[in-house]
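Please look at the sequence and the model, then read the points below.

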Amino acid sequence: MAERQGRTTPDTLLTRIGQVVMLHHGGDREEARRRLLDLWTELGEEGDALHRCTLAHYLADTHDDPADELAWDLRALTAAQEHDGSAGERGRPGEEARGGALARASCEARALLPSLHLNLAADYVKLGRPEAARSHVRRARRAAAALGDDSYGDGVRAAISRMELRLGEGEWRGDR
């Protein structure tokens, strides 16, 4: 038990997730999926919401079936929203340091939302569900206010704009 808990500390868990993501980016999708699923099992349904969000987000990318990808992206969004809600709670009096850390964590969760909604829009595009895709791209645009003026924020905003253009062009079969 102690070994399991030691392996899921924030620093080591994020490092392990990063290592598996590099494996995936190196082209070993099946092994990456297996290892991420192992980490998901290790973390558990009650594990840290931000870690569940991160794992689910990367697990979605390892699936070929759009329905499976959608299921993992929905888990990622749910975990991010759970994290944002719990991070917004304030500690008891005298816990200012904890409150500051929670506020920072809440900002981190909100910064993930535009990308998560964009991923869901892309999933719904693959599944031929244009209205669901449009709904999530609108949510991504609204959530983009939380993004910083940096390369990550610029990239996400540009991807949202591309998806908006794509969805506005009526590329859907029977959607004219």
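This is a predicted model: local features need pLDDT of at least 70, side-chain atom pairs count only at pLDDT 80 or more; totals for chains, interfaces and linings use all residues.

Leaving aside its neighbours within four places in sequence, Ala 143 is in contact with Arg 110, Leu 113 and Pro 114. Ala 143 belongs to helix α7, while Arg 110 belongs to helix α6.

**Ala 143 and Arg 110**

- Along the chain, Ala 143 and Arg 110 are 33 residues apart, and their C-alpha atoms are separated by 7.3 Å.
- Ala 143 has a relative accessible area of 17%, and buried means under 20%, so Ala 143 counts as buried.
- Arg 110 has a relative accessibility of 33% and therefore counts as partly exposed, a class that lies between the 20% and 50% limits.
- With neighbours within four places in sequence set aside, the contacts of Arg 110 are Asp 84, Ala 143 and Ala 146.
- Arg 110 and Ala 145 are 35 residues apart along the chain, with 9.3 Å between their C-alpha atoms.

**Overall make-up**

- The protein has eight helices and zero strands.
- Read from the N terminus on, the order of elements is α-α-α-α-α-α-α-α.
- The protein has 176 residues, and buried residues make up 43% of them.
- Taking the contacts between residues at least 6 apart in sequence, 57% join residues at least 24 apart.
- The accessible surface comes to about 10000 Å², and carbon and sulfur atoms account for 51% of that surface.

**The largest nonpolar core**

- The largest nonpolar core holds 39 residues.
- Leu 39, Leu 55, Leu 116, Ile 160 and Met 163 are the residues with the most contacts inside this core.
- Two or more residues of the core come from each of α2 (10–25), α3 (29–43), α4 (49–61), α5 (66–87), α6 (96–126), α7 (130–143) and α8 (151–168).
- Helix α6 gives the largest share of the core, seven residues.
- Apart from its neighbours within four places in sequence, Leu 39 is in contact with Leu 13, Arg 16, Ile 17, Val 20 and Leu 55.

**Packing of α7 and α8**

- Two packed helices are described by the angle between their axes and the distance between the axes.
- For α7 and α8, the angle is about 150° and the axes are 10 Å apart.
- An angle over 145 degrees counts as roughly antiparallel, and α7 is therefore roughly antiparallel to α8.
- The crossing in which α7 passes α8 is left-handed.
- On the α7 side, the residues that meet α8 are Ala 133, Arg 134, Val 137, Ala 140 and Arg 141.
- On the α8 side, the residues are Arg 157, Ile 160, Ser 161, Met 163, Glu 164 and Leu 167.
- Among these α8 residues, Ile 160 and Met 163 are also listed with the most contacts inside the largest nonpolar core.

**Packing of α3 and α4**

- The axes of α3 and α4 cross at roughly 155° and come within 10 Å.
- These two helices, α3 and α4, are therefore roughly antiparallel to each other.
- The crossing of α3 and α4 is left-handed.
- Helix α3 meets α4 through Arg 29, Arg 33, Leu 36, Leu 37, Leu 39, Trp 40 and Leu 43.
- The residues of α4 in this meeting are His 51, Arg 52, Leu 55, Ala 56, Tyr 58, Leu 59 and Asp 61.
- Leu 39 of α3 and Leu 55 of α4 are part of this meeting, and both are listed with the most contacts inside the largest nonpolar core.

- Asp 28 lies in the loop between α2 and α3.
- With a relative accessibility of 35%, Asp 28 counts as partly exposed.
- Asp 28 and Thr 62 are 34 residues apart along the chain, and their C-alpha atoms are separated by 9.4 Å.

Note on methods: Residues are numbered from 1 along each chain as its sequence is written. Side-chain values use heavy atoms; hydrogens and water are left out. A nonpolar core is a set of buried Ala, Val, Leu, Ile, Met, Phe, Trp, Tyr and Cys residues joined through side-chain atoms within 4.5 Å. Buried means under 20% relative accessible area, exposed over 50%, partly exposed in between (1.4 Å probe, protein chains only). Helices (H or I, at least four residues) and strands (E, at least two) are DSSP runs, numbered from the N terminus. Contact means heavy atoms within 4.5 Å. Accessible areas come from the Shrake-Rupley method with a 1.4 Å probe; for residues, only the protein chains shown count as cover. Axes are lines fitted to C-alpha atoms, for helices over the stretch in contact, and angles run from 0 to 180 degrees between N-to-C directions. Angles under 35 degrees count as roughly parallel, over 145 as roughly antiparallel, 65 to 115 as roughly perpendicular and the rest as oblique. A crossing is left-handed if the near helix is turned anticlockwise from the far one by less than a right angle, and right-handed if clockwise.
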